[in-house]
Amino acid sequence: MDFKKPQLINLPKIPDERGNLSFIEENKHIPFKIARTYWIYDVPGGEHRGGHAFKETEELIVALSGSFDVVLHNGKDEICFSLNRSYNGIYVLKMIWRKLENFSTNSLALIVASTVYLESDYIRDFETFKKGLL
Ligand code: TYD
């Protein structure tokens with residue numbers, strides 16, 4: 001797996017007559033060690049999340065339930081991934097601007113991150129983000 005650009009990751013899916021099971025292993029399905037997981041839920045219709053980049057944090061974003069769009073920007077091009085399967089994740093490198101939008105009712109976003117929470121790792125201004133890429 002080439003983890004040099006943002007991409008859709010196909011996670012394992014173990015189906016049997018009792019239902020499906022999926023999982024994420026650090027340094028295998030994602031190229032980092034997991035320091036934190038958090039989840040986003042009860043997002044009101046029309047709301048978006050994110051609108052920032054991280055200086056160091058890498059993430060995997062999974063739609064455990066429902067659907068939403070992950071919109072990524074590398075300072076030049078924008079790419080949009082629609083997530084609606086709990087065995088898919090979007091791998092987001094550091095220094096990628098990201099926004100989550102179009103949340104369906106009852107959607108649940110799980111995010112696995114390579115760092116603990118640190119506000120100073122955020123770039124919340126798009127122009128500052130673009131300058132940081134130079
Ligand atoms: P933020 O990352 O800005 O939310 P989103 O990108 O989903 O729009 O975080 C919202 C608030 O929650 C902000 O005050 C920081 C806090 N927070 C933590 O305390 N720990 C965490 O792990 C995260 C992701 C956020």
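View 1. Two strands pair if DSSP finds at least two bridges between them. Strands (E, at least two residues) and helices (H or I, at least four) are DSSP runs, numbered from the N terminus. Strands of a sheet pair through backbone hydrogen bonds, either parallel or antiparallel. This is a predicted model, in which local features need pLDDT of at least 70 and side-chain atom pairs count only at pLDDT 80 or more, while totals for chains, interfaces and linings use all residues. Residues are numbered from 1 along each chain as its sequence is written, and side-chain values use heavy atoms, leaving out hydrogens and water. Here, five strands make up an open sheet. Their order is β1-β9-β6-β11-β4, with antiparallel pairing. The edges are β1 (7-10) and β4 (36-41). Each has a single partner strand, so one side of each is left without a neighbour in the sheet. On average, neighbouring strands of this sheet are turned by 25 degrees against each other, direction ignored.

**View 2. Strands β6 and β9 side by side.** Strand β6 covers residues 59-65, and strand β9 covers residues 88-92. Four bridges pair them in the antiparallel sense. Leucine 60 stands opposite tyrosine 91 of β9.

View 3. Rings of Phe, Tyr and Trp (its six-membered ring) pair if their centres lie within 6.5 Å; planes under 30 degrees apart count as stacked, over 60 as edge-to-face and the rest as tilted. The count by this rule is eight aromatic pairs. One of them joins phenylalanine 3 and tyrosine 91 edge-to-face, at 5.3 Å centre to centre and 75 degrees between the planes. Phenylalanine 3 lies in the segment before β1 and tyrosine 91 in strand β9, so the pair ties together parts that are 88 residues apart in sequence. Are these residues buried or exposed? Phenylalanine 3 is buried at 17% relative accessibility, and tyrosine 91 is buried at 2%. Buried means under 20% relative accessible area, exposed over 50%, and partly exposed in between (1.4 Å probe, protein chains only). Ring pairs link Phe3, Phe32 and Tyr91 into a cluster.

**View 4. A ring pair within helix α1.** Phenylalanine 126 and phenylalanine 129 sit three residues apart in helix α1 (residues 126-132), a separation of about one helical turn. Their ring centres are 5.6 Å apart and their planes stand at 40 degrees, so the pair is tilted. Phenylalanine 126 is partly exposed, at 25% relative accessible area. Phenylalanine 129 is buried, at 0%.

View 5. Which residues surround the ligand? They are Arg36, Tyr38, Ile40, Arg49, Gly50, His52, Tyr117, Tyr122 and Arg124. A ligand oxygen atom is 2.8 Å from a polar backbone atom of glycine 50. An oxygen atom of the ligand is 2.5 Å from an N or O atom in the side chain of histidine 52. For tyrosine 122, a side-chain N or O atom is 2.5 Å from a ligand oxygen atom. Taken alone the ligand exposes 520 Å², and the protein buries 63% of that (Shrake-Rupley method, 1.4 Å probe). The elements giving two or more residues to the shell around the ligand are β4 and β5 (49-54).

**View 6. The β2-β3 hairpin.** Strand β2 (residues 13-16) and strand β3 (residues 19-22) pair in the antiparallel sense over four bridges. The hairpin joins β2 to β3 through two residues. Isoleucine 14 has leucine 21 of β3 as its bridge partner.

Technical notes. Axes are lines fitted to C-alpha atoms, for helices over the stretch in contact, and angles run from 0 to 180 degrees between N-to-C directions. A residue is near a molecule or strand if one of its heavy atoms lies within 4 Å of it. A polar contact is a pair of N or O atoms within 3.5 Å; within protein, one must be able to donate a hydrogen and the other to accept it, and residues adjacent in sequence count only if both atoms are side-chain atoms.
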